[in-house]
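Reader: Please pick one part of this structure and give me a close look at it. I would also like to hear how the surroundings are built, with the cut-offs spelled out.

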Amino acid sequence: EITDAAEAESLAVRMLGGLREAGVTGSTGRYVGGLSASVGVALTDGLPAPTERDALDLVGHADAAMLVAKRSGKDQVVLIARPRPAGAAIADQPDEV
């Protein structure tokens with residue numbers, strides 16, 4: 001269980017490192033380099049009895065964070081801790097989270 005933002009960020013950064021080290025082999029069988037990813041992490045203060053709506057909101061927050069990471073360049077991790085306003089589309093998220 002992840003208990004705080006620093007731990008979540010550390011795990012995400014380690015995941016990115018693993019992707020870079022794993023690398024990929026192209027269709028010719030030649031090594032073509034490591035992979036990169038944009039990672040969005042949604043944080044919550046804990047939900048004592050999460051509902052299906054809570055889960056959907058959390059996925060939406062993580063998606064918004066991932067979109068910010070993508071706009072920031074390759075191999076980025078972005079954590080988002082504040083909730084998206086009710087009814088706001090992911091595209092309505094500010095660039096800085």
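**A pocket and the helix beside it**

Author: Helix α1 contributes five residues to the lining of the second largest pocket, the most of any element. Before going on, please note that this is a predicted model, where local features need pLDDT of at least 70, side-chain atom pairs count only at pLDDT 80 or more, and totals for chains, interfaces and linings use all residues. Residues are numbered from 1 along each chain as its sequence is written, and side-chain values use heavy atoms, with hydrogens and water left out.

The second largest pocket has a volume of about 190 Å³. Of its 14 lining residues, I2, A8, V41, A42 and L43 are the closest to the centre. Two elements, α1 (5-22) and β3 (38-42), each give two or more residues to this lining. A pocket here is an open set of points on a 1 Å grid over the protein atoms alone, with protein on both sides within 12 Å along at least five of seven lines, and lining residues have an atom within 4 Å of a point. The volume is the space filled by probe spheres set on the points, which are joined across faces, edges and corners. By class, ten lining residues are nonpolar, two polar and two charged; nonpolar means Ala, Val, Leu, Ile, Met, Phe, Trp, Tyr, Cys and Pro, charged means Asp, Glu, Lys and Arg, and the others, Gly among them, are polar.

Helices (H or I, at least four residues) and strands (E, at least two) are DSSP runs, numbered from the N terminus.

R20 pairs with D75, their closest N and O atoms being 3.1 Å apart. R20 sits in α1 and D75 in the loop between α2 and β4, so this pair ties together parts that are 55 residues apart in sequence. R20 is partly exposed at 40% relative accessible area, and D75 is partly exposed at 23%; buried means under 20%, exposed over 50% and partly exposed in between (1.4 Å probe, protein chains only). D75 also has a positive phi of about 55°, although it is not a glycine. For background, most residues other than glycine have a negative phi.

How values were computed. 1 Å grid on protein atoms, 1.4 Å probe; cavity = no way out; pocket = protein on both sides within 12 Å on 5 of 7 lines; lining within 4 Å. Salt bridge = Lys/Arg side-chain N within 4 Å of Asp/Glu carboxyl O.
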